[in-house]
Amino acid sequence: MKSRVRSNWSSAVLVCAKCSKKLDGGFGPKGRQSLGKALRKHLHLKKGRKAMAGIVDVKCLGVCPRGAVTVVNGAASREWLLVPAGADLDAVAAELELD
Ligand code: FES
């Protein structure tokens, strides 16, 4: 069995799935998509390892903001982002250095 697999990810972004679920959408053109899904669509990312960057939904990160989603940029993990519902996805992508 291989001990390593290659990916095209330039960075990995962790998005709290529980925050997203609490907001019941909040992002995307109609405000009905979760942040992770909206970002993946907005950036036209492919699936899984073939994507240019990884946006991964993870369990609760322990911050639990009201009306926002906790996001960790794997490349700059010392500060986490709290992204409010309806935030501009271009601005979020720029902040995460995904553009
Ligand atoms: S619910 Fe998202 S950090 Fe706890």
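This is a predicted model: local features need pLDDT of at least 70, side-chain atom pairs count only at pLDDT 80 or more; totals for chains, interfaces and linings use all residues.
Colleague: Is Ala75 buried or exposed?

Modeller: Ala75 has a relative accessible area of 62%, so it is exposed. Ala75 sits in the loop between E3 and E4.

Colleague: How far is Ala75 from Ser11 in sequence and in space?

Modeller: In sequence, 64 residues separate Ala75 and Ser11. In space, their C-alpha atoms are 6.3 Å apart.

Colleague: Where is Ser11, and is Ser11 buried or exposed?

Modeller: Ser11 belongs to the segment before E1. Its relative accessibility is 12%, so Ser11 counts as buried. Beyond its neighbours within four places in sequence, Ser11 is in contact with Met52, Ala53, Gly54 and Leu98.

Colleague: Let us turn to a strand. Where is Asn73, and is Asn73 buried or exposed?

Modeller: Asn73 is in strand E3, which spans residues 68-73. Asn73 counts as buried because its relative accessibility is 6%.

Colleague: What does the side chain of Asn73 reach?

Modeller: It reaches the backbone oxygen of Leu96, at 3.4 Å. Leu96 is also among the residues that Asn73 touches, along with Ala12 and Val13. That list leaves out residues up to four places away in sequence.

Colleague: And Val58: which strand holds it, and what does Val58 touch?

Modeller: Val58 is part of strand E2. Not counting residues up to four places away in sequence, Val58 touches Leu14, Val15, Cys16, Ala17 and Lys18. With a relative accessible area of 21%, Val58 is partly exposed. The cut-off for buried is under 20%.

Colleague: How far apart are Val58 and Lys30?

Modeller: They are 28 residues apart along the chain, and 24 Å separates their C-alpha atoms.

Colleague: Which residues of H2 are buried?

Modeller: In H2, residues 35-42, the buried ones are Leu35, Gly36, Ala38 and Leu39. Seen down the axis of H2, these buried residues fall within an arc of 165°, so they line one face of the helix.

Colleague: What do the buried residues of H2 pack against?

Modeller: They pack against strands E1 (12-16), E2, E3 and E4 (81-84). They also pack against helices H1 (17-23) and H3 (89-95).

Colleague: Which residue with a positive phi follows H2?

Modeller: His44 follows H2, and its phi is near 50°.

Colleague: What is phi at Asp24 and at Glu97?

Modeller: Asp24 is not a glycine, yet its phi is positive, about 55°. Asp24 lies in the loop between H1 and H2. Its relative accessibility is 66%, so Asp24 counts as exposed. Glu97 also has a positive phi, near 55°. Glu97 is in the segment after H3. It counts as exposed because its relative accessibility is 62%.

Colleague: What is the volume of the largest pocket, and which residues line it?

Modeller: The volume is about 170 Å³. The lining consists of Trp9, Arg40, Leu45, Lys46, Lys47, Gly48, Ala51, Ala53, Gly54, Ile55 and Val56. Strand E2 (residues 54-58) supplies the largest share of this lining, three residues. By class, the pocket lining has six nonpolar, two polar and three charged residues.

Colleague: How many cavities of 30 Å³ or more are there?

Modeller: The count is one. The largest cavity holds about 30 Å³ of space.

Colleague: Which residues line the largest cavity?

Modeller: Its lining is Cys16, Lys18, Cys19, Lys22, Cys60, Leu61, Gly62, Val63 and Cys64. H1 gives the most to this lining, with three residues. By class, the cavity lining has six nonpolar, one polar and two charged residues.

Terms used. Residues are numbered from 1 along each chain as its sequence is written. Side-chain values use heavy atoms; hydrogens and water are left out. Helices (H or I, at least four residues) and strands (E, at least two) are DSSP runs, numbered from the N terminus. Buried means under 20% relative accessible area, exposed over 50%, partly exposed in between (1.4 Å probe, protein chains only). A polar contact is a pair of N or O atoms within 3.5 Å; within protein, one must be able to donate a hydrogen and the other to accept it, and residues adjacent in sequence count only if both atoms are side-chain atoms. Contact means heavy atoms within 4.5 Å. On a 1 Å grid over the protein atoms alone, a cavity is a set of points where a 1.4 Å probe fits but cannot get out, and a pocket is an open set with protein on both sides within 12 Å along at least five of seven lines; lining residues have an atom within 4 Å of a point. Grid points are joined across faces, edges and corners, and a volume is the space filled by probe spheres set on the points. Ala, Val, Leu, Ile, Met, Phe, Trp, Tyr, Cys and Pro count as nonpolar, Asp, Glu, Lys and Arg as charged, and the others, Gly among them, as polar. The arc is that of the directions from the helix axis to the C-beta atoms.
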